[in-house]
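Student: I have a model open and want to learn how to read it. Where do we start?
Tutor: Let's take one feature at a time.

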Amino acid sequence: MKNNIKKIIIVIGLIVSCVCFTSCKSEMVGMANPWIDNTDYKTAFKKAGFSFPLKLSNYSVRAMKGMIEISYPLDEKRTVYVRKSDTNETGDISGVYTKYPINKEIVLKGAVPMQIRADKDKIYVMNMAAESGYYSAYCPEGMSLKEIEGIYEILAEAEAPKGDEF
């Protein structure tokens, strides 16, 4: 009798699990992916609704309404994902949900506040506000402070007015 009750409970549990999995899965199936992957700058600008003047020789770009992401190699083994949003609101636009033991603000070059998520050895995520939008950079294998400063320099140069602009 006890074995039959255990079998019934197991069967009911499996049925409930299957029903839950199927209904949850079917809700996700209809969701559209907001990203346009592996596109060119012009298409990305059109989709996002703004430009991102960062141009590199070895990159890939994707976009969605209000955001552009450019990924490029930091070195032979690591890729960095840099995102720009058209908002100046603070927050984390990296899309990274991993929790890191260090979450704090640092100040680069004595004036540029930046939020970082790190461990004791590496920085994995950085977020910062700029005049023309909000930026994040993410490297799954981690970055050094010097590399974060380098990314900032690239962004600052890309966003600086060119020629006779005011």
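Student: How many bridges join β7 to strand β8, and which way do the two strands run?
Tutor: This is a predicted model, so read every feature as a prediction. Seven bridges join β7 to β8, residues 133-143, and the two run antiparallel. The link is a hairpin, with two residues joining β7 to β8.

Student: What pairs with β7 besides that? Where does β6 come in?
Tutor: β6, residues 112-118, pairs with β7 through four bridges, again in the antiparallel sense. Here Q115 stands opposite N127 of β7. β6 and β7 also form a hairpin, this one with four residues between the strands.

Student: Is β7 largely enclosed or open, and why?
Tutor: Count its buried residues. Six of the eight residues in β7, 123-130, are buried, so the rest of the structure largely encloses this strand.

Student: Which strand does β5 join, and through how many bridges?
Tutor: β5, residues 102-108, is joined to β6 by seven bridges, and the pair is antiparallel. N103 has R117 in β6 as its bridge partner. Three residues lie between the strands in the β5 and β6 hairpin, and K109 there takes a positive phi near 55°.

Student: R117 is charged. Is R117 buried or exposed?
Tutor: Check the relative accessibility against the cut-off, which is under 20% for buried. R117 comes to 12%, so R117 counts as buried. R117 lies in strand β6. Now look at the contacts, leaving aside neighbours within four places in sequence. They include D92, S94, Y97 and Y100.

Student: How do I read a core? Which residues touch the most other members of the largest one?
Tutor: Start with the general idea. In soluble globular proteins, nonpolar side chains tend to be buried together. In this model, the largest nonpolar core has 29 residues. I68, V82, M114, M126 and I151 touch the most other members. Beyond four places in sequence, its contacts include I106, L108, M126, M128, I148 and Y152.

Student: What about M67? Where does M67 lie?
Tutor: M67 lies in strand β3, residues 67-73. With a relative accessible area of 12%, M67 is buried. Beyond four places in sequence, M67 is in contact with W35, A48, F50, R83, K84, S85 and I93. M67 and G133 are 66 residues apart in sequence, yet 9.6 Å apart C-alpha to C-alpha.

Student: Now step back. How many helices and strands does the protein have?
Tutor: Three helices and eight strands. From the N terminus, the order is α-β-α-β-β-β-β-β-β-β-α. Of the 166 residues, 33% count as buried. Among contacts between residues at least 6 apart in sequence, 42% join residues at least 24 apart. The accessible surface is about 11,100 Å², and carbon and sulfur atoms account for 58% of that.

Student: Where does pLDDT stay under 50?
Tutor: Over residues 18-26, where the model has zero contacts beyond four places in sequence. For the protein overall, the mean pLDDT is 79, and 75% of residues reach 70 or more.

Note on methods
Residues are numbered from 1 along each chain as its sequence is written. This is a predicted model: local features need pLDDT of at least 70, side-chain atom pairs count only at pLDDT 80 or more; totals for chains, interfaces and linings use all residues. Side-chain values use heavy atoms; hydrogens and water are left out. Buried means under 20% relative accessible area, exposed over 50%, partly exposed in between (1.4 Å probe, protein chains only). Two strands pair if DSSP finds at least two bridges between them. Contact means heavy atoms within 4.5 Å. Accessible areas come from the Shrake-Rupley method with a 1.4 Å probe; for residues, only the protein chains shown count as cover. A nonpolar core is a set of buried Ala, Val, Leu, Ile, Met, Phe, Trp, Tyr and Cys residues joined through side-chain atoms within 4.5 Å. pLDDT is the predictor's confidence in each residue, from 0 to 100.
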